[in-house]
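I open this notebook to record what I looked up, entry by entry, and how each term was defined. The sequence and the structure come first.

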Amino acid sequence: MTMEPEIVVSLNGVSKTFRDFWLRPTVVAVDALSLGVRRGEVFGLLGPNGSGKSTTIKMILGLLSPSAGEVRLFGLGPRSVAARRRLGYLPELSYLHPFLTAAETLRYYAGLCSLPRREASRRTRELLAMVGLEEVANRPVGGFSKGMARRVALASALVGRPELLVLDEPTSGLDPISTKEVKTLVKALARGGMTVLTTSHMLADAEDICDRVMILNHGKSVAEGRVAELGTSLEEFFLAKVGDVQDFALAPFLKG
Amino acid sequence: MKPYVSITLATALEVASSPLSLLVMLAAMALEVFAPVFHYHQFGDPTRMARDAALSALFTCGAVFAVFGAIRAVRREIETGTQEMALAHAVARGGFFLAKAAGVAVAFAVFAAAVSGTAVTMFTGAAIGGAIAEQTAQLARVYGPCVAAGVAAIVLPLVLAAALNRFFRFRFVLTAFFIAAGVSVAGGAVSAALSGGDCLRLVPAVVLVACPALVLLSAAAAFAVRFRANAAAALCGVVLAAMLPAMDVYYRAESLSRGGSIPLGDVALAFAAALPAVAGFLIFGIHFSLNRE
């Protein structure tokens, strides 16, 4: 008898409605979404811009409160400090302090993960080597290119050796070589047992790295399953499911 | 505790790295150096002029430093998204806000130390110079070296920081900020030693005048969580206006720099007046942080 893998992230009927100053609903970003991410898998949230991927991620991280439903992270509430101690997060845009150098940035995030000073220095060197930024370790990140900043942000997400890595559009703004490097890295981390939750509007990313995916459109789940189960090509499946939607930003791009 | 210490130190570094912080600190020092000279030519009483210039510089420039430092530190985190990165770690929202406010307070303490150092130097220079001037009636000769030293304390850090930036890639603003503070504090220590410690009576006066700046700092940090920078600054103006009728509490500092024993009761009164306001604004800030999306 095989044991079911632990559910690391679970969403149960989660909705998020943004409201204006007078509390009138303006946008339903996520609508009755349920999902479960199992330990050790790479789970992809796919969908066009504005489909609710980043809002879902922010609710999982406790940065936004759901209007309805329940989010659990390692069985705890998403605002629980104990739960967030076990995750690493790469946001869609590489938010970094421009006045800190690359090494200082990693040491800062090592501090947020409560790593001891010696361990923080060792981990900083290790990660800068891993993302190929040893040469510029002492330069302020404010002067970095988008790709370099992305690599620093990715290293920051990994500094605390998280059990769950949450990646919001990890290849956003990267050139093809850097994109391939990031995908290789994510696959290596997953092989090492790390659970990865990633979002993307690039289907090729999901096909390459995800075990299971959920396709979102207008805040709702359109389909969910293993990449292999969703048809011969995820792209064809994607178009078949949501390609008829006129305002779907990705469809013309895929067809064209 | 370690995450909050990291946030505090990074915030202090952030405030010290801001060109505005360096500019305000150097402006305060320049005000302390030059204001007593012009005043003395008209009114006399050099030590009083030096002291008043120092306290005025600390209050006006300190308020600007505290308000804009706090608003920039808190608001930038929210607007650029670095707050999201931090809050995705094992960091409580309220703790994050308090650590940010503490970081600004640390940078403000360095600013206040620099202003105090220059104040002590100018106070000592004024006392020595005043005594000599009374005997010789040659004011310019007495004040010349003192002002030259003050100008050097302002210009030297900029030159040194530029050299360190050119040859060793040190960050110019950050380096200049800490060298200026270091030079000023060292100058104050030398002056205190020369004067036998009399001028150190000015230090508690400086601490006293720093109290309203701390109230403004906590108010600015709290407002910046909820409102945009311009609105937060405007609300700080309202807080300042509300504090003005009670400013005599802080300006009891004058009694500290007179002779005799230091009236610690006045210091305690100033702290008692400032603490509830600081605590109140920090509680508001935590509340805003917890409810912010």
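**Conventions and confidence.** I note that this is a predicted model, in which local features need pLDDT of at least 70, side-chain atom pairs count only at pLDDT 80 or more, and totals for chains, interfaces and linings use all residues. Residues are numbered from 1 along each chain as its sequence is written, while chains are lettered from A and ligands numbered from 1 in the order in which they are written. For the complex I read an ipTM of 0.79 and a pTM of 0.85 from the predictor. Chain A has a mean pLDDT of 83, with 89% of its residues at 70 or more, and chain B averages 83, with 86% of the residues scoring at least 70. I flagged residues 244–256 of chain A, where pLDDT stays under 50. Where pLDDT is low, the predicted coordinates should not be read in detail.

**Strand β8 of chain A.** Six of its six residues are buried, so the strand is largely enclosed by the rest of the structure; a residue is buried if 20 or more other C-beta atoms lie within 10 Å of its own, exposed if 12 or fewer, and partly exposed in between, with C-beta atoms placed from the backbone. Arg212(A), Met214(A) and Leu216(A) point one way, and Val213(A), Ile215(A) and Asn217(A) the other. I find that β8(A) pairs in the parallel sense with strand β3 (residues 42–46) of chain A over four bridges, and in the antiparallel sense with strand β9 (residues 220–226) of chain A over six bridges; two strands pair if DSSP finds at least two bridges between them. Arg212(A) is the bridge partner of Phe43(A), and Arg226(A) in β9(A) is the bridge partner of Arg212(A). In the hairpin of β8(A) and β9(A), with two residues between the strands, His218(A) takes a positive phi near 50°.

**The nonpolar core.** Which residues touch the most other members of the largest nonpolar core? Of its 168 residues, I list Leu58(B), Ala70(B), Val115(B), Leu217(B) and Ala220(B); such a core is a set of buried Ala, Val, Leu, Ile, Met, Phe, Trp, Tyr and Cys residues joined through C-beta atoms within 7 Å. Helix α8 (residues 202–226) of chain B supplies the largest share, 20 residues. Beyond four places in sequence, Leu217(B) touches Ala66(B), Ala70(B), Val104(B), Ala105(B) and Phe108(B).

**Between the chains.** I find 22 residues from chain A and 22 residues from chain B in the contact, where two residues are in contact if their C-beta atoms, placed from the backbone, lie within 7 Å. On the side of chain A that touches chain B, α3(A) gives the most, with three residues.

Terms used. pLDDT = per-residue confidence, 0-100.
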